[in-house]
Amino acid sequence: MILTWLGRFALDAAFLACVIGVVAQVRTLRGRPSRALLWGVGALVAMAAAVGVMQFALITHSFSLAYVAENNATFTPLIYSITGMWSALEGSLLLWALILSALTVAVIHHYRADNTDPVVVWATLVLFVVGGFFILLMVGPADPFLPNPAHVLQGAGPNALLQDNPLVAVHPPLLYAGFVGFAVPFAFAIAMLVTGRVHDRWPLEQRRWTVLAWGSLSVGIVLGAWWSYQVLGWGGFWGWDPVENAALLPWLTATAYIHSVIVQDRRGLFRIWNLSLAVATFAFTVLGTFFTRSGVLQSVHAFSSSTLGPALIGFFALTVGAGIALIAWRGDELRSPVGVDHPASREGLFVANNILFVGFAFVVLLGTVYPLLYEAVNGTQVTVGTPYFATVAAPVSIALLLLMALAPVVSWRTVNAKVLWTRVRASAWVALGAVVALVVAGVHHGAVLGAVFLSVGAAGAAVRTLAGVFTSARRRGDWWSAWRAPSTGGMVVHLGVVVLAVGIVVSTSYTTRSEVTLATHQRTVIDGQLVGFDGLANVKNSLDSQTQLLVSVNGRPLRPAITTFNGRGAQPVGTPAIDSNLLRDVYVTFDAIGGNGAASGAQVATNVPAGSVVLGVTVEPLLSWLWIGGLMVGVGSALSFGRRRHRDEVPA
Amino acid sequence: MRRRLVLSVSLVVLAIVVALSVLLVTRQPVNATSVPSPLVGQMAPDFRGTDFHGARVHLAALRGKIVVVNFFASWCGPCQVEEPNLITFAWQERLHGVVVLGVVFNDTLAAARAFDAHYGTLYPAMADPNGTIAFHYGVTSPPSTFVIDPRGRVVAELLGPVSTAQLTNVVGRVSA
Amino acid sequence: MTRSTFLGSFRVWLVAVVAVGVWAIVVNPPASTSAQRIAHLENLVKCPSCQDLSVAQSTASSSLAVRHEIATLVHQGRSDTQILTAIEAAYGPTILLSPSTGGVGVLLWALPTGVVVALVVTAVVLRRRR
């Protein structure tokens with residue numbers, strides 16, 4: 001009981017701090033000194049206390065809290081007790097609110113020198129409102145500290161798939177850091193609109209916060225894909241699942257924003273558009289939390305259905321409504337004095353970039369809600385899956401790769417074809433050479449050839465830009481400044497994206513899946529890989545019991561297994577084994593066992609003799625390039641976080 | 001001109017967002033028992049097999065009786081919950097022209113037998129090699145229960161754990 | 001032409017690209033064998049007991065049953081539409097991963113096209129206004 005009382009008290013205190021924070025900010029607008037830091041830190045301390053209570057309960061397995069009884073057991077290891085906080089709905093909101101209150105304090109502290117500037121005051125006010133809303137959800141319908149009326153000695157333990165892999169400790173926090181991070185550019189967009197101050201340093205300033213959030217979200221999404229790949233057993237990494245799409249939507253508009261705000265800074269264009277993107281990105285974040293938590297769409301990743309749906313939709317509508325109203329009000333004052341001079345100039349290519357990203361976001365949104373729309377109109381259900389999204393994603397990706405090959409080498413405002421050709425020439429010939437090499441090597445798939453051709457071009461443009469930055473830095477004798485140059489981070493991100501693109505196209509076009517039946521000590525060759533089976537092993541520990549297969553791939557041992565976690569009602573899950581190198585991944589699953597099944601939990605293949613097993617062997621070329629590309633994107637965004645010099649500032 | 005453009009675009013976007021919000025807020029969370037089946041009203045796909053005790057099972061041979069076909073698996077929680085209800089129902093209705101038949105879905109034979117033995121199942125259950133029967137019935141996940149009238153037509157599909165009262169209700173509505 | 005201006009000419013590069021493109025197409029093996037049809041169809045049908053996977057990707061027994069049916073129907077000479085209709089008759093419309101484009105379904109393609117066209121038109125119109 002005491003834990004319930006302490007946890008709820010901490011949440012109420014945090015909520016109160018947010019409310020008083022809003023009031024304090026209003027008073028600051030009227031001339032009082034700023035108290036933002038006090039109330040921000042107060043909310044953060046209270047949230048940290050609430051999180052502390054939950055973590056204590058999880059680590060000490062206190063089943064007096066219903067949440068702990070449902071997501072933890074006495075034998076749950078420490079790491080999965082800690083991550084148990086975000087395994088289910090109510091606890092995930094604790095993580096969300098904690099990150100948001102920490103970020104609010106970071107923003108207040110960062111702008112403390114300007115803490116009476118109306119833009120900062122309004123932005124902080126909006127952040128307090130957003131934080132207050134999410135904490136209110138926990139004070140109300142989604143109470144993490146609900147007491148458990150039954151006196152139980154053992155909990156259910158976390159969901160099997162959430163204690164299978166340590167990535168559960170990294171993926172959700174990074175994802176939430178991204179989502180929550182988008183509240184900052186949103187808050188400042190509202191502040192800029194309310195105060196009318198859209199012309200000075202604030203837009204570019206917001207790009208830094210957006211890059212930070214975008215980088216976290218990108219790495220979070222890639223880690224999520226990696227985690228699915230390692231655990232779910234089908235050898236794939238993205239299913240166009242509603243919750244996956246929910247994470248992709250804000251990422252797409254944020255990417256558009258990161259690019260178009262460069263143009264706004266350079267030439268004062270796209271002001272209304274950029275403010276709209278900032279609002280849209282955060283709105284998509286809220287919509288995403290609705291898809292994940294309302295139970296309205298079926299998903300492998302969704303939390304159980306809850307009563308949060310209407311509250312989240314209400315907040316979504318409020319966010320968008322406020323943004324639209326403010327933009328319509330200020331619209332006239334936001335017009336740019338200049339325009340885009342030529343569609344193939346760098347500004348023009350950025351326009352194309354934005355159209356592609358925003359258009360694709362619309363398609364993803366439509367595909368995700370279409371089943372709901374269809375059911376509302378026709379009463380029956382449909383599914384919108386990979387074929388639809390992939391059909392649209394392909395041409396969009398090709399167009400984006402082309403833009404990446406051209407935009408870094410195209411000039412602002414004008415297009416000089418001869419000059420452009422001299423800059424692109426080397427990459428163009430190398431790209432063609434790469435395609436020729438592939439065709440000679442037997443690769444005839446049009447999509448792969450096209451993607452590689454454009455990817456080499458994009459990589460060439462990025463390398464050329466980086467080379468330019470580094471040589472001029474070396475000439476000045478300051479090599480270190482090259483790392484902090486404005487375009488360095490972006491070009492590294494582009495290189496990462498190219499690596500990702502090639503990995504995705506090649507692996508999805510050339511993956512081969514086979515099922516092979518092997519008797520003990522038998523060997524066979526599948527798709528060029530020597531696969532052998534050497535027997536079964538039963539392994540038990542405090543967390544689970546596994547039936548492992550002793551498999552060898554090209555001489556190296558792998559142990560695909562069927563794992564049954566301890567705890568009531570636990571279902572056996574397949575645990576794949578992966579042999580990975582730069583060229584290909586070999587993905588092995590324990591699909592079925594022969595004879596009458598024994599007690600392995602595996603499916604039984606009645607036409608296979610006892611003692612033999614059926615293995616799923618999937619060979620995926622270049623799959624590891626996805627994770628390498630993701631790492632490069634993360635590094636690039638970290639490099640981009642540096643301060644980009646606003647055009648009006650005169651260098652010292 | 002610029003102001004009008006911004007205003008009209010704002011209104012369009014606002015309208016879309018309001019429509020989307022209304023759509024989403026009126027959706028119900030996915031419900032376990034109410035999915036309509038395309039088989040209702042159609043002839044039940046025929047199947048044959050051998051039950052756990054070696055006796056032969058043939059659906060078409062059961063014409064003239066009401067047949068309740070229950071797809072189950074040992075690993076499925078709701079199946080465990082409904083099993084005592086099915087057994088009670090089968091025993092109560094055995095003299096009233098109702099036959100209950102279990103079909104294993106996506107499970108090992110050993111586990112399914114153990115499941116039956118544990119609950120003391122009083123009605124025949126059979127294996128479904130290669131999942132052919134489940135395919136023809138369009139079973140996506142257990143427990144799925146089909147009620148077939150004496151002429152061989154499917155009158156209902158129930159998804160999720162059934163209660164004795166629910167089964168009695170559905171079977172009672174079947175016209176002889 | 002000197003060597004540097006030969007390689008330096010855009011037209012030469014363009015001709016080379018077209019030549020390689022034609023060569024890649026010509027070298028490509030001919031279309032649709034049975035195995036390719038089966039693989040294509042398997043990607044369009046959802047695994048009955050999974051959330052988003054196609055039967056091509058899932059190894060659940062319900063998937064294997066559907067794949068067996070697809071292979072049988074392809075070898076019986078049925079058309080793609082007939083096969084998909086048969087599967088839909090057993091499981092209902094949710095089993096297809098890409099909804100039909102008739103009726104409401106046309107929205108799935110018309111709306112995105114409409115939005116992109118609107119965005120492009122707006123960009124062009126705004127540019128002309130300068």
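How many residues of chain C are in contact with chain B, and how many of chain B with chain C? The legends below start there, and every view comes from a predicted model.

**View 1. Where chain C meets chain B.** Here 14 residues of chain C are in contact with 13 residues of chain B. Take a look at two helices of chain C, H4 (61-75) and H5 (80-91): each supplies at least two residues of the side that touches chain B. H4(C) provides the largest share of that side, seven residues.

**View 2. The make-up of the chain C side facing chain B.** Let us stay with the side of chain C that touches chain B. Its residues comprise eight nonpolar, five polar and one charged.

**View 3. Where chain C meets chain A.** Now we turn to another contact, which takes 39 residues from chain C and 45 residues from chain A. On the chain C side, helix H1 (3-8), helix H2 (10-27) and helix H6 (107-128) each supply at least two residues. With nine residues, H6(C) gives the most to the side of chain C that touches chain A. Sorted by kind, the residues of this side are 24 nonpolar, 11 polar and four charged.

Conventions
Residues are numbered from 1 along each chain as its sequence is written. Chains are lettered from A and ligands numbered from 1 in the order in which they are written. This is a predicted model: local features need pLDDT of at least 70, side-chain atom pairs count only at pLDDT 80 or more; totals for chains, interfaces and linings use all residues. Two residues are in contact if their C-beta atoms, placed from the backbone, lie within 7 Å. Helices (H or I, at least four residues) and strands (E, at least two) are DSSP runs, numbered from the N terminus. Ala, Val, Leu, Ile, Met, Phe, Trp, Tyr, Cys and Pro count as nonpolar, Asp, Glu, Lys and Arg as charged, and the others, Gly among them, as polar.
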